[in-house]
Amino acid sequence: LRLSNGTGPCSGRVEVKHNEEWGTVCDGDWTIEDAEVVCKQLQCGSAVQALNRAPFGEGSGPTWLYRVDCRGDESALWNCSHTGWGAFTCPHYFDTGVICSGFSSLRLTGGNTACSGHLKVKQEETWATVCFAHTDFKTASVICNELECGQAVDILQGTHFGDSHELIWQEEFHCVGNETHLSHCPRMLHRSKTCSHDAIVVCSG
């Protein structure tokens, strides 16, 4: 199982490998429960959106799965009920896509209060540092709201990294400001592996 053509490993067109060949999943009532299984299976946090009609472009190869119907707690997408491998040939403009949160939780560390500190997100089992250049005040507002920490007061440049070996979160957040969770904000993959400073978020709470 993989996601292709998205902003990172945790969003994109849903592709499955069967009989040594990669193919796609055709939309037949593709729901957030189906997307949830994909995100969990890929260790990509939780599902943010289940998309249809080739939102990440049309794939190629067989349409391996059709009318996938998951409860949401299955360990693999193909363990959900479906019509059988390659049972129905579907045009690729019905290819499904998924956007996963990519991280399972967030926290502010090393601040004077529980509501201020260096912004980190949990990626699988490790905590990744969020770059100051990849966030803004609207992002801080969403974070403070999600952590039940009142209003955002400031977002500051934190530690200077230089050649730090810390894990850096690879996406920029482009929040509108009214999202309830950071994982719901639009994101863009930032290809540069370097980060000059991490982000410090200060909330009123």
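**Close-up views of disulfides and a helix**

**View 1. The link of C70 and C80 is right-handed, with 100 degrees about the S-S bond.** This pair connects distant parts of the chain, 10 residues apart, and both C70 and C80 lie in the loop between β5 (63–66) and β6. The model is predicted, and in it the sulfur atoms of the C70 and C80 disulfide are 2.1 Å apart. Both cysteines, C70 and C80, are buried.

**View 2. A disulfide joins C10 to C44, S to S 2.0 Å.** The link of C10 and C44 is left-handed, with -75 degrees about the S-S bond. C10 belongs to the loop between β1 and β2 and C44 to the loop between α1 and β4, so that distant parts of the chain, 34 residues apart, are linked. Both C10 and C44 are buried.

**View 3. C115 and C149 form a disulfide with sulfur atoms 2.0 Å apart.** About the S-S bond the value is -75 degrees, and the link of C115 and C149 is left-handed. C115 is in the loop between β7 (105–110) and β8 (116–123), while C149 is in the loop between α2 (137–146) and β10 (152–160). C115 counts as buried because its relative accessibility is 9%, under the 20% cut-off. C149 is buried as well, with a relative accessible area of 3%.

**View 4. Helix α1 spans residues 32–41 and has the buried residues D34, A35, E36, V37, V38 and C39.** Elements covering these buried residues include β1 (2–5), β2 (11–18), β4 (47–51) and β6 (97–100). Just after α1, Q43 takes a positive phi of about 55 degrees.

Key:
Residues numbered from 1 in each chain as written. Predicted model: local features only at pLDDT ≥ 70, side-chain atom pairs only at ≥ 80, totals over all residues. Heavy atoms only, no water. Buried < 20%, exposed > 50% of the residue type's maximum accessible area, 1.4 Å probe, protein only. Helix = DSSP H or I, 4+ residues; strand = E, 2+ residues; numbered from the N terminus. Contact = heavy atoms within 4.5 Å. Disulfide = S-S within 2.5 Å.
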